[in-house]
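Biologist: Please take a close look at the nonpolar core and the residues around it. I would like one connected account.

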Amino acid sequence: QVQVVESGGGLVQPGGSLRLSCAASGSIFKIYDMAWFRQTPGKQRELVARITSDDSTNYVNSVKGRFTISRDNAKTTVYLQMNSLKPEDTAVYYCNAEITTYSRLLRTIYWGQGTQVTVSS
């Protein structure tokens, strides 16, 4: 079994910062790409940032220069440092990880449960 768990969301004022964390655990053989998405009511889930297994990164244009994605040395935890937050960044943020397990060597996407980020004065 694999678990993907996000943490770090909350309420922050415009211009403030938050750091989200996402940890993958369980019977993991290897983790490939990890990514952060966000979703607001009535809209499709949007890719915010992605980091590959060799630490290449890409971002949606609206967060470039403000958000930074990174992962730990063990490659099991991904972070999203969010600076200069704007009200339009308000959303539920989801993490996903592309993983192979000891019982399933086919790459599979696992999602976390989401964490709310609210940017408001």
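Modeller: Trp36, Leu80, Met82 and Tyr93 touch the most other members of the largest nonpolar core, which has 29 residues. Such a core is a set of buried Ala, Val, Leu, Ile, Met, Phe, Trp, Tyr and Cys residues joined through side-chain atoms within 4.5 Å; buried means under 20% relative accessible area, exposed over 50%, and partly exposed in between (1.4 Å probe, protein chains only). At least two core residues come from each of S1, S3 (18-26), S4 (28-39), S5, S7 (67-71), S8 (77-82), S9 (91-101) and S11 (115-119). Strands here are DSSP runs of E, at least two residues, numbered from the N terminus. S9 gives the largest share, 5 residues.

This is a predicted model, in which local features need pLDDT of at least 70, side-chain atom pairs count only at pLDDT 80 or more, and totals for chains, interfaces and linings use all residues. Residues are numbered from 1 along each chain as its sequence is written, and side-chain values use heavy atoms, without hydrogens and water.

Leaving aside neighbours within four places in sequence, Met82 is in contact (heavy atoms within 4.5 Å) with residues including Leu18, Leu20, Phe67, Tyr93 and Val117.

Glu6 lies in strand S1 (residues 2-7). A polar atom of the Glu6 side chain lies 2.7 Å from the backbone nitrogen of Cys95, and the Glu6 side chain reaches the backbone nitrogen of Gly114 at 2.9 Å.

Glu46, in strand S5 (residues 46-51), is partly exposed, with a relative accessible area of 31%. Glu46 touches Trp36, Phe37, Arg38 and Val60, not counting residues up to four places away in sequence.

Definitions and conventions:
Helices (H or I, at least four residues) and strands (E, at least two) are DSSP runs, numbered from the N terminus. A polar contact is a pair of N or O atoms within 3.5 Å; within protein, one must be able to donate a hydrogen and the other to accept it, and residues adjacent in sequence count only if both atoms are side-chain atoms.
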